[in-house]
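The model is shown first, and my notes follow.

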Amino acid sequence: MAISSFHPPVRTLMGPGPSDVHPRILDALGRPTLGHLDPLFIGMMDETKTLLKYAFQTSNELTLPISAPGSAGMEACFVNLVEPGDKVLVCVNGVFGTRMIENVTRCGATAIRLDFPWGTAVDPVAVEAALKEHDDIKVLAFVHAETSTGALSDAQALCGLAKKYQVLSIVDAVTSMGGVPLLVDEWQADAVYSGSQKCLSCTPGLSPVTFSDAAVAVIKARKHPVQSWFLDMNLILGYWGEGGKRAYHHTAPVNALYGLHESLVMLQEEGLENAWQRHAAMHTALAAGLESLGIQFVVPAGQRLPQLNTIYIPEGIDDAKTRQYLLANYDLEIGAGLGVLAGKVWRIGLMGYSARMENIILLLNALAAAMSEQGYSSDAASAIAAAEAAVD
Ligand SMILES: *Cc1c(COP(=O)(O)O)cnc(C)c1O
């Protein structure tokens, strides 16, 4: 039997990523492919670096997209900065913190693990105590926006502690970029990685990274070569670096980079502050609507990510059945719980192009219908009115 072309339906993506991709970005992806050393393409790469510096709020020279998803950006930060025998203090308040531990261990280094309850922010007081206790730590690693739980940590305070105790910081900003303030230079963060498919609303598969001068100096002074050939920043710079000579390292994902470029042009057009403000306003609207449906948030107010809302599944409502209902009847995707929260929560993303009122109205209608179907009385009209009133 001949297999025919794949034509996916148009879904509304309100999970933990990917988010809805803006039509302008989908258009950009289909433009003619250039050679990866074509001067016009290299010009676009330079613009992408400039736009990424804006998105990261940094003047770091070493700012570029890794040709692989956010997980590769994470790995790039660890393999370049961490050597065998090093000690890394890792804050764990969700799934992505546990992956940082894996990265440290696989670098042949020792992870000192600091746990925080899932659904809460990293506590800087505990981090400072650990930095005081161990005087041989090289790197402090934490997740700014924990997408597995919806908690936002105080990256400014944590990077400040790293500077105070003279250790490097590695910051996971996959979900934070474009959704909440991320000020790499002002906070003096050393190595920060992000992802294309969360608040940038681009397709998945690219990971912007940035390294401070202090981080670059540590990479240059390494005793062992970086264990990963593909992610060795020294080699990647031969292709992405400043100056005339660009040498082949790997074939850049040319069309995917058109998409990232377009998403960053859109971010520049909207303005970073306006993008942060839009995510905050849409979160306020969604929270008012969900509260009207009697739904409770997992994360305490003040520590919540606007772009990722983790809510308890109401008593008597079936997790999988509800998500299937939303997909089948509304072409709407929301996220399930991860790790210790599996089966207990849903994760509702308001990332990038998904953070708009029409998505919130669709979600409230769909969720109210799914809950009514399972015998829970819910009033969609009041929930939508509450959401709209919250941002009036
Ligand atoms: C999504 C995500 C990642 C991983 O990104 P991928 O593109 O899925 O590899 C890492 N950290 C956080 C906080 C994320 O939300």
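**Salt bridges and their partners**

I looked up R113 and found that R113 is partly exposed, with a relative accessible area of 43%; the class covers values between buried, under 20%, and exposed, over 50%, with a 1.4 Å probe and protein chains only. Its partner is D115, and the closest N and O atoms of this salt bridge are 2.8 Å apart, the term standing for a side-chain nitrogen of Lys or Arg within 4 Å of a carboxyl oxygen of Asp or Glu. D115 is also partly exposed, at 47% relative accessibility.

I noted that this is a predicted model, in which local features need pLDDT of at least 70 and side-chain atom pairs count only at pLDDT 80 or more, while totals for chains, interfaces and linings use all residues. Residues are numbered from 1 along each chain as its sequence is written, and side-chain values use heavy atoms, with hydrogens and water left out.

I then turned to K87 and D136, whose side chains form a salt bridge at 2.7 Å, N to O. Because K87 lies in strand β3 (residues 87–92) and D136 in the loop between α5 (124–133) and β5 (139–143), the pair ties together parts 49 residues apart in sequence; helices (H or I, at least four residues) and strands (E, at least two) are DSSP runs, numbered from the N terminus. I recorded 29% relative accessibility for K87 and 42% for D136.

Last, I checked R323 and D319, which meet in a salt bridge at 2.8 Å, N to O. They stand four residues apart in helix α12 (residues 319–330), about one helical turn. D319 is buried at 14%, whereas R323 is partly exposed at 25%.
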